[in-house]
Amino acid sequence: MWRQMAKAGETADWQSPELAKYATGDALGVINRSLYTDHLNGVVTKGEPKTNPQVSKVDPPDNPTTVMISDCGDDSGWLKYKNGQLLNDTPGGRRSITAEVKKQQDGTWRVTRFAVEAVGTC
């Protein structure tokens, strides 16, 4: 999901159909709104976040339909630009990330919700 968001962010493509392959519901809404805001403001992102997701919980354990993911993502190399110039001097950094991933009716898995905490939370 994060790689696809980074790719869409290169042009602030809030309508990218690729996003829906990895996210749905609240998660997709948050991503689309973020990219749409960037689009309206002439902002793009460059780079890519670094992630190392780990499964923290499965439910139910014997035949999971929901998986919780924990991560300590690093967005220090994934920055926003406007008119070719770095938007601000906020460097980003390591952040605690949690995500809920649910099995869909078609058998695919998609992120349904996620939370990204402040820099320094992991």
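Predicted model: local features only at pLDDT ≥ 70, side-chain atom pairs only at ≥ 80, totals over all residues.
**Stop 1: the centre of the largest pocket**

Select Met 5, Asp 75, Trp 78, Lys 80 and Arg 95. Of the 26 residues lining the largest pocket, these are the closest to its centre. The space in this pocket comes to about 560 Å³.

**Stop 2: the elements around the largest pocket**

Next, colour helix 1 (2-9) and helix 2 (25-41), then strand 3 (66-74), strand 4 (78-82), strand 6 (94-103) and strand 7 (109-119). Each of these elements gives two or more residues to the lining of the largest pocket. Which element provides the largest share of that lining? Helix 2 does, with 4 residues.

Now colour the lining by residue class. In the largest pocket, 12 lining residues are nonpolar, 8 are polar and 6 are charged.

**Stop 3: the centre of the second largest pocket**

Move on to Met 1, Trp 2, Thr 51, Pro 53 and Val 111. Among the 17 residues that line the second largest pocket, these lie nearest its centre. The volume of this pocket is about 370 Å³.

**Stop 4: the elements around the second largest pocket**

Keep helix 1, strand 3 and strand 6 in view, as these are the elements that give two or more residues to the lining of the second largest pocket. Strand 6 supplies the largest share here, 4 residues. By class, this lining holds 10 nonpolar, 4 polar and 3 charged residues.

**Last view**

Definitions and conventions. Residues numbered from 1 in each chain as written. Heavy atoms only, no water. 1 Å grid on protein atoms, 1.4 Å probe; cavity = no way out; pocket = protein on both sides within 12 Å on 5 of 7 lines; lining within 4 Å. Points joined across faces, edges and corners; volume = space filled by probe spheres on them. Nonpolar A, V, L, I, M, F, W, Y, C, P; charged D, E, K, R; others polar.
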